[in-house]
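Visitor: I am new to this structure and would like to learn how to read it. Please take me through it feature by feature.

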Amino acid sequence: MNSPSLVIFYDGQCPLCCNEMRALKAQDSQARIILVDVHDTDAMCRYPSIDKQHALSILHGIDQQGQPLYGLDVTVLAWRLVNRHRWLFITRLPILKGISDRIYLLFAKHRMRISRWFGQTNCQDGMCQKKIE
């Protein structure tokens, strides 16, 4: 098995976030990505440099070299690692990066409301039903 190329810290209480992580892991046949629910205290203890509150405001990741990544940089790398949604690279082009990052932050801030708009309400008692492996 290859060593992980990316650790992603996601909001396990957000239905859209959980669905995205499930879709990502379904494509991760080489086990290159580790997912960590920021609400999982035991798992978060292994990553003391990750602040839970900050990770809830913007997606956090750690690449293979141990460097932190945030927001769309995490998303783009994750999907590139599984050879899907490669078109996302356009959000990192200098001409689009600034606006893409602002849109992402707006989305992240309102992700629970957006989840409800899309009928994504499969969480009970604040936790999504199926743990993502």
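**Reading the sheet and its surroundings**

Guide: Strand S1 is covered on both faces: Leu6, Ile8 and Tyr10 on one side, and Val7 and Phe9 on the other, are all buried. Buried means under 20% relative accessible area, exposed means over 50%, and partly exposed lies in between (1.4 Å probe, protein chains only). This is a predicted model, in which local features need pLDDT of at least 70 and side-chain atom pairs count only at pLDDT 80 or more, while totals for chains, interfaces and linings use all residues. Residues are numbered from 1 along each chain as its sequence is written, and side-chain values use heavy atoms, with hydrogens and water left out.

Visitor: Why is S1 described as largely enclosed?

Guide: In a regular strand the side chains alternate between the two faces of the sheet. In this case 5 of the 5 residues of S1 are buried, so the strand is largely enclosed by the rest of the structure. Helices (H or I, at least four residues) and strands (E, at least two) are DSSP runs, numbered from the N terminus.

Visitor: In what order do the strands form the sheet?

Guide: Two strands pair if DSSP finds at least two bridges between them. Here 4 strands make an open sheet in the order S2-S1-S3-S4, with mixed pairing. Strand S2 (33-37) and strand S4 (68-70) are at the edges with a single partner strand each, so one side of each has no neighbour in the sheet.

Visitor: Do S1 and its partners pair in the parallel or the antiparallel sense?

Guide: S1 (residues 6-10) pairs with S2 in the parallel sense over 5 bridges. With strand S3 (residues 60-63), S1 pairs in the antiparallel sense over 4 bridges. Valine 7 shows both pairings: isoleucine 34 stands opposite in S2, and isoleucine 62 is the bridge partner in S3. Leucine 6 has isoleucine 33 as bridge partner in S2, and tyrosine 10 stands opposite aspartate 37 in S2.

Visitor: Is S2 largely enclosed or open, given its place at the edge?

Guide: S2 is largely enclosed by the rest of the structure, because 4 of its 5 residues are buried.

Visitor: Which salt bridge involves aspartate 11?

Guide: A salt bridge is a side-chain nitrogen of Lys or Arg within 4 Å of a carboxyl oxygen of Asp or Glu. The whole structure holds 5 salt bridges. In one of them, the side chains of aspartate 11 and arginine 111 meet (2.8 Å, N to O). This pair links distant parts of the chain, 100 residues apart: aspartate 11 is in the loop between S1 and H1, arginine 111 in helix H6 (residues 111-117). Aspartate 11 and arginine 111 are both buried.

Visitor: Where does lysine 97 stand relative to aspartate 101?

Guide: Lysine 97 and aspartate 101 are 4 residues apart in helix H5, and therefore separated by about one helical turn. Their salt bridge has its closest N and O atoms 3.1 Å apart. Lysine 97 counts as partly exposed, at 32% relative accessibility. Aspartate 101 is also partly exposed, with a relative accessible area of 23%. Salt bridges that share partners join Asp73, Arg92, Lys97 and Asp101 into one network.

Visitor: How is the other salt bridge, between lysine 25 and aspartate 28, described?

Guide: Their side chains meet at 3.0 Å, N to O. Aspartate 28 counts as buried, at 8% relative accessibility.
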